[in-house]
Amino acid sequence: MVPVATFRHITIGQYIPGESLLHRLDPRTKILVTLLLVVGLFFIDTYLGYGLAALYIALAIFRSGIPPRFLFRGLRPVIIIILLTFMLNSFMTEGEILWQWGFLTLTKEGLSKGGMLAIRLILLIVGTSILTLTTSPLALTDGLESLLRPGKRIGIPAHELAMMMTIALRFIPTLLEETEKIMKAQMARGADFESGNLLQRARSLLPLLVPLFVSAFRRADDLAVAMEARCYRGGEGRTKLKQLAFHTTDFLVLVGSSFFVLWLAFSM
Amino acid sequence: MMGNKDSFITVDKVSFSYTGESGAAEGTALDQVSLNIAAGEFVAIVGHNGSGKSTLAKHLNGLLLPTSGDVWVAGMNTKDEQHRWDIRQTVGMVFQNPDNQIVAATVEEDVAFGPENLGLPTELIRSRVDEALAVVGMSEYAEAPPHSLSGGQKQRVAIAGVIAMRPRCLVLDEPTAMLDPVGRREVMETISRLNEEEGITVVLITHFMDEAVKAHRVVVMDEGKIVQEGQPAAVFQEIDLLRELRLDVPPVIELASRLRAKSLALPEAILTVDEMVTALCQLRSEV
Ligand SMILES: Nc1ncnc2c1ncn2[C@@H]1O[C@H](COP(=O)(O)OP(=O)(O)O)[C@@H](O)[C@H]1O
Ligand SMILES: [Mg+2]
């Protein structure tokens, strides 16, 4: 019953509602600062620089009021990758040998480089998690649409992309529920999704996909008619229930963070 | 020609055929259908599967355009491009599957979808959303994700999404078909209230005869044609015709007809259990 039960617990965007300073910031501010931080982290190559960046992120976590365990939860699936990055770099970099066993040589330069890459990855993941933890998927969509709007002139379909994201967010739980229902129906008739090797399991999923696709297309058809009946005619002339508002706080946070991250990136 | 003067929606000799991939017509889904609906009226449309009910419904707000004939909504012809959005706003539509008509990931964002499409200012959208949610009794769920709601609640949200556009008419295509009895009752109460208190014209397509009985007028369809039309009391007396059209006869009406056959002097207008009880009690006191 394992795969059936697990579908329920998938949460998208893992947003945690709140009233903190970070929650109240304009999603565009948060998206821009996060982008800047992600790019900035690739330019930092001193431990002092990473320490300062970590301090900045810790301050953000503190102001968001989000329990730190939620941030570390985001790290769990990638812990192997982080460890692997650290090991590969520690053992594969040439330099002053600290320890040797067979063909494995641990070097001082490797340790330093591996450590730095691991920290960079951790900061990247924790930093972007703050964005998704404090911003509802809808606000995130609105923010992205607004930021992409100027790109319309060069052919970026901002509204359409945002509408696609909205509909995906709306329908993922419905489709998961449906998958669960079909799986149970087929299990009741003797289908087996849990035993066998990877190939056999993949093959047992095939009869699941066909009804799922058929129903997804049916839903898409229905939804298109329902949207048209409610006067949907694209992004032109459309208004929003929740208007994004860029406040003084947003301005201060954006300017302050930009200067700090740029300074870190270029001097550290 | 603008059809009948008192008529809010006029369907005038409408025929319609779906065209297949090749562009060839695939038989007639509607055959010379004429129907007048007055403002404030509550009309139920019943008929066997494939009788053309959904096709007719989609003509009432211009989702489909007649192959021949005309549909007029508040004096606007649905074929007139220029009135398309006015017509869609005037005649709101609710569909059978609540899951497939909710667009947004929270209840209030979904109810706002229609007003947003109309380009209303933000404050007005807010007040329309709050009002619409209050009318269907879903205010406390404003921020809930739709998938956490019951079927009846989802369908009320879908109704709110249409109400928020301030339509004068609501067309509901089997809105209770996928709901449990509790959900059905919630939705039917909401529809009755909208008709009685808000004066909204209601066209309800249903295959539950006990719902059709609540309408002012019942229209029976078969093979793309209107075969019977009248007040529920009159239409449901013709049990043989209903059977012939493969429609369920509400048990109360069936019982009344059998009792009458046993020469019990029951009045003609018995449609609900309550009416039956009253009639039987009266008979008893007369004895
Ligand atoms: N999208 C479509 N394409 C082709 N034929 C259709 C389509 N929708 C309905 N029909 C046909 O039109 C007729 C009327 O269908 P419909 O209006 O859906 O009936 P009802 O709602 O009463 O069940 C049926 O014969 C049906 O097969
Ligand atoms: Mg139908």
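Helices (H or I, at least four residues) and strands (E, at least two) are DSSP runs, numbered from the N terminus. A residue belongs to the shell around a ligand if one of its heavy atoms lies within 4 Å of it.

This is a predicted model, in which local features need pLDDT of at least 70 and side-chain atom pairs count only at pLDDT 80 or more, while totals for chains, interfaces and linings use all residues. Residues are numbered from 1 along each chain as its sequence is written, chains are lettered from A and ligands numbered from 1 in the order in which they are written, and side-chain values use heavy atoms, with hydrogens and water left out.

In the shell around ligand 1, H1(B) supplies the largest share, three residues. Strand S2 (25-38) and helix H1 (53-59) of chain B each give at least two residues to this shell. The residues surrounding ligand 1 include B:Tyr18, B:Glu26, B:His48 and B:Lys53. An oxygen atom of ligand 1 lies 2.7 Å from a backbone N or O atom of B:Gly50, and for B:Gly52 the corresponding distance is 3.1 Å.

The second topic is the interface of the two chains. Chain B brings 38 residues to the contact (heavy atoms within 4.5 Å), and chain A brings 30 residues. Across this interface there are six salt bridges (a side-chain nitrogen of Lys or Arg within 4 Å of a carboxyl oxygen of Asp or Glu). One of the salt bridges joins the side chains of B:Asp99 and A:Arg170, at 3.8 Å from N to O. On the side of chain B that touches chain A, H3(B) gives the most, with 10 residues.

Terms used
Polar contact = N/O pair within 3.5 Å; in protein donor to acceptor, adjacent residues only side chain to side chain.
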